[in-house]
Protein chains: 2
Amino acid sequence: MTAIHQPSADLTDGAVLTGDDIPVPHGFVSHVANVGIKDDTTDFSVLASERPCVADAVFTKSRFAGPSVVVSRRHLADGRPRAVVTVSKNANVATGEEGLRNAVALAAGVAAALECPTEDVFVASTGVIGRPYPMERLHTHLQDAVTLEEADLAAVARAIMTTDTVPKLAAVRVGDATIAGVAKGVGMIEPDMATMLAYLVTDADVSPDVLRPAFRRVVDRTFNCLSVDTDTSTSDTAVLLANGAAGPVDEAEFEAGLGAVAESLVRQLARDGEGATKLLTVTVTGARDGAQARRVAKAVVNSPLVKTAVHGGDPNWGRVVMAVGKCSGDTDIRPQDVRVSFGSVEAYPAPADDGLLERLAEVLRADEVEINVGLATGEASARVWGCDLSDGYVRINADYTT
Amino acid sequence: MTAIHQPSADLTDGAVLTGDDIPVPHGFVSHVANVGIKDDTTDFSVLASERPCVADAVFTKSRFAGPSVVVSRRHLADGRPRAVVTVSKNANVATGEEGLRNAVALAAGVAAALECPTEDVFVASTGVIGRPYPMERLHTHLQDAVTLEEADLAAVARAIMTTDTVPKLAAVRVGDATIAGVAKGVGMIEPDMATMLAYLVTDADVSPDVLRPAFRRVVDRTFNCLSVDTDTSTSDTAVLLANGAAGPVDEAEFEAGLGAVAESLVRQLARDGEGATKLLTVTVTGARDGAQARRVAKAVVNSPLVKTAVHGGDPNWGRVVMAVGKCSGDTDIRPQDVRVSFGSVEAYPAPADDGLLERLAEVLRADEVEINVGLATGEASARVWGCDLSDGYVRINADYTT
């Protein structure tokens, strides 16, 4: 099976940079603080451009989308966003009219500090559902304490974390410009059109006509191909801000760079999935169309039985064919034509020798596991990312609010 | 919210009987043995009528349906089935042409013992995927040892178990007739059109025109409303055999009785879900149509975050609204109109007092948890059954084949 979706191959500069010391695009500022939402870790952050931006954002399709998403959607339509304010440890979801007023108040407070219209500020929120914000503390902080300094992306990446165990950062250089991103989200992860929280910022000068379709394509094949647990968040938000400070760049290189940053963040998110010990990548090739490829890939990456087998290092390839079989509407999939491999080891049809299970077990011992499925129904392909299902996931989520 | 789907209310005799000593319909025989599929527990069983039957069966829609399902489907179309032979601990799935030949040989061997055509025998198989049967041992057993005696349903219920921890049996009396059923299946459970293994036998005299639509309706609202882990088995089979030995019964009472037996088996299956400690029932009312009701109910009962919260006794009602929100295509669902209760305790919109979480926690301490969702989009309703997600599920499935 051949590799697919390798946008970084198109990058002249090649490497995606990760970690706290990634380069920061010119002209971005940030503010990070603790306002006492849950404990004494940082829970309030602003990431903003000093100058106007070309911006785009995609949001959860949940019917219970939170007030943050409602307000941000409105600002994407009506404003010219150049900042995003995030409250973590409280999602401000299912909080009624009061929750909506509070989200607007957040945007207005940050806009005052930035001296821009309220409509130019996105709002994001992540954490427990169904609890009002501590608005007195937030108002006090907004009035007195929002000081913006040169962007500290590592601090922002930490301030938006909830059950994440590590911050997620990635950046690439594209011409004279930098594309950098931060993301959070390790549970309630099955983005549908959008994603957890992911903020990408760049100083490239890109027109809206180029930026928006490129961002949508990148989100669709990266964040939307990530799944930790099939549960779609009420707060998913992915934002891209481009302030043009570094001048124009090649359009194809821009999209490739954007894709490389997004894919790196997705892999970091999957690897840090709640309780996860392994990154699981499922690639489907030879599909009738992209939708079939993704449907089958998601059936495999989301199967609790595949995920537990990966966790236990159990070479139970039968569960992969079971998961493929779940796509019962895909009547063109013929069991006798399907091929399954773990890494480069062919699993189905099962080779006629005795060493198969041991070879598969060897693949499963690594902390990155690739499962490949060939459908022989066409030429399309898709790749999705997930993680194993462990006792840790259960323990984290059996006790989350208490 | 009012209760729905209570077919037993229509039964003149009322109670559903469960346990090893349920009554057995007249004219049924069985055979149970160990043929050494995996260990020394019973793994081979036959349940049959001494006389011709009106029969029906529904099967998995998996694209990787096993040879047992392929052969049984053919026999439902061409034969007049009155027996089902089951091999447990090996699913005989993804075993190619050899697997199909072996399934036919099983049916033929049992048909010889019963002195009936091969087409009158259903074949079922459950267990690990991708391993051939030990056919020499099976052939030897079929030739010499299939002795049929008065049906021992408790022995059959045990012989079809894999990771089940208890056998599942249920029966009702309908007029002079008895409807009895056995079932197995506690993982890879998300039936789609059919179910795990469930065999229902009755001595009622029912015409095919009455039996088949009644059976399909009952399966649809019982077995198809059960979910342990969203993974659809390759081997799901539900069989109903009616041999008429007890004479005719009222048609409505027959369907009500069939429904009561099936619902009892479903509750037994959910409660014994792999690693489960609690039975979870989700009821959706006020839906636009039955499909919407079931879609929302399944979104809730299948949510790993709802299931882990139920496991941990965590009164995290926000996860229920999150799960409702996942039905993003249901644009008529308005968050402000949705109602959620745990048992009789209203959770959303959240009451304006401080005792809510404690009252919800009290509901969650019971070993049967009911979550009710009102959608206010119409008048339809649905009920589904599942269980909590525990470390036990992970441990069972991280080590299953090895």
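Q: At what angle do helix α11 of chain A and helix α11 of chain B pack, and are they roughly parallel or antiparallel to each other?
A: In this predicted model, helix α11 (residues 391-398) of chain A packs against helix α11 (residues 391-398) of chain B with the axes 8 Å apart and at an angle of about 175°. Angles over 145 degrees count as roughly antiparallel, and α11(A) and α11(B) are therefore roughly antiparallel.

Q: Which class of residue, nonpolar or charged, has four members in the contact of α11(A) with α11(B)?
A: On the side of α11(A) the contact involves A:D391, A:V394 and A:R395, which meet B:D391, B:V394 and B:R395 of α11(B). Sorted by class, two of these residues are nonpolar and none is polar, while the class with four members is charged.

Q: Which residue of chain B meets the side chain of A:D391 in a salt bridge?
A: Side chains of opposite charge can pair when their charged atoms come close. Between chain A and chain B the count is two salt bridges. In a salt bridge with an N to O distance of 3.0 Å, the side chain of A:D391 meets that of B:R395.

Q: How much area is buried between chain A and chain B, and what percentage of it do carbon and sulfur atoms give?
A: The two chains meet through 55 residues of chain A, which are in contact with 55 residues of chain B. The area buried between them is about 4500 Å², and the part given by carbon and sulfur atoms is 61%.

Q: How many residues apart are A:R288 and A:D332, whose side chains meet in a salt bridge?
A: Over all chains the structure holds 36 salt bridges, and in one of them the side chains of A:R288 and A:D332 meet at 2.6 Å, N to O. A:R288 lies in the loop between β12 (279-287) and α7 (290-302) of chain A, whereas A:D332 lies in the loop between α9 (318-325) and β13 (339-342) of chain A. The pair thus links distant parts of the chain, and the separation is 44 residues.

Q: What is the handedness of the crossing in which α2(A) passes α3(A)?
A: Helix α2 (residues 96-114) of chain A and helix α3 (residues 135-144) of chain A pack with their axes 10 Å apart at an angle of about 15°, which makes α2(A) roughly parallel to α3(A). The contact brings A:N102, A:A105, A:L106, A:G109 and A:V110 of α2(A) together with A:M135, A:L138, A:H139 and A:L142 of α3(A), and these residues divide into six nonpolar, three polar and no charged. The crossing of α2(A) past α3(A) is left-handed.

Terms used:
Residues numbered from 1 in each chain as written. Chains lettered and ligands numbered in written order. Predicted model: local features only at pLDDT ≥ 70, side-chain atom pairs only at ≥ 80, totals over all residues. Heavy atoms only, no water. Axes fitted to C-alpha atoms, helices over the stretch in contact; angles between N-to-C directions. Helix = DSSP H or I, 4+ residues; strand = E, 2+ residues; numbered from the N terminus. Parallel < 35°, antiparallel > 145°, perpendicular 65-115°, else oblique. Left-handed = near helix turned anticlockwise from the far one by under 90°. Contact = heavy atoms within 4.5 Å. Nonpolar A, V, L, I, M, F, W, Y, C, P; charged D, E, K, R; others polar. Buried area = accessible area lost by both parts, 1.4 Å probe. Salt bridge = Lys/Arg side-chain N within 4 Å of Asp/Glu carboxyl O.
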